[in-house]
Amino acid sequence: MTHKSCAIVVGAGTGTGTEVAKLLVREGYPVVLVRRNVDALTPLVAEIESAGGSATAIGADASDENQVQGVFDQAESRYGTPQFTLFNAAGFVMGLSLIHI
């Protein structure tokens, strides 16, 4: 099943974030992987792409409103409006909901 929109996984690259990203790719979603250290996402992007999936890595701090907005802007520009977002990160954006982002 192929979807036109994507899934954003904040805190990807290890543990839960990695497993959720792989699950979403198996379900046909392109994934936008987000982590402060974008270089740490290189192995996961390579694994997803070698299996025929689509993944984009973005370096961003989930506690920074402007960086989070940038992630959504980049995801929408590349794949269309994201259908799912998993915030699997220690930081968070104070005073905002995803509806406002």
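Predicted model: local features only at pLDDT ≥ 70, side-chain atom pairs only at ≥ 80, totals over all residues.

Trainee: How many aromatic pairs does the structure hold, and which residues form the pair?
Mentor: The structure holds one aromatic pair.

Trainee: How many residues apart in the chain are Tyr 29 and Phe 84?
Mentor: Tyr 29 lies in the loop between helix H1 (15–26) and strand S2 (31–35). Phe 84 belongs to strand S4 (residues 84–87). The pair therefore links distant parts of the chain, and the separation is 55 residues.

Trainee: Is Tyr 29 buried or exposed?
Mentor: Residues under 20% relative accessible area count as buried. Tyr 29 has 8% relative accessibility, so Tyr 29 is buried.

Trainee: What is the relative accessible area of Phe 84?
Mentor: Phe 84 is classed as partly exposed. That class lies between 20% and 50%, and the value for Phe 84 is 38%.

Trainee: Which residue in S2 stands opposite Ile 8?
Mentor: S1 and S2 run parallel and are joined by four bridges. Together with H1, these strands make a right-handed β-α-β unit. The residue opposite Ile 8 is Val 32.

Trainee: Which residue in S4 is the bridge partner of Val 9?
Mentor: From strand S1 (residues 7–10), Ala 7 and Val 9 point one way, Ile 8 and Val 10 the other way, and all are buried. Four bridges also join S1 to S4, and these strands run parallel. The bridge partner of Val 9 is Leu 86.

How values were computed
Residues numbered from 1 in each chain as written. Heavy atoms only, no water. Phe/Tyr/Trp six-rings, centres within 6.5 Å; stacked < 30°, edge-to-face > 60°. Helix = DSSP H or I, 4+ residues; strand = E, 2+ residues; numbered from the N terminus. Buried < 20%, exposed > 50% of the residue type's maximum accessible area, 1.4 Å probe, protein only. Pairing = 2+ DSSP bridges. Right-handed = clockwise from strand over helix to strand, strands pointing away.
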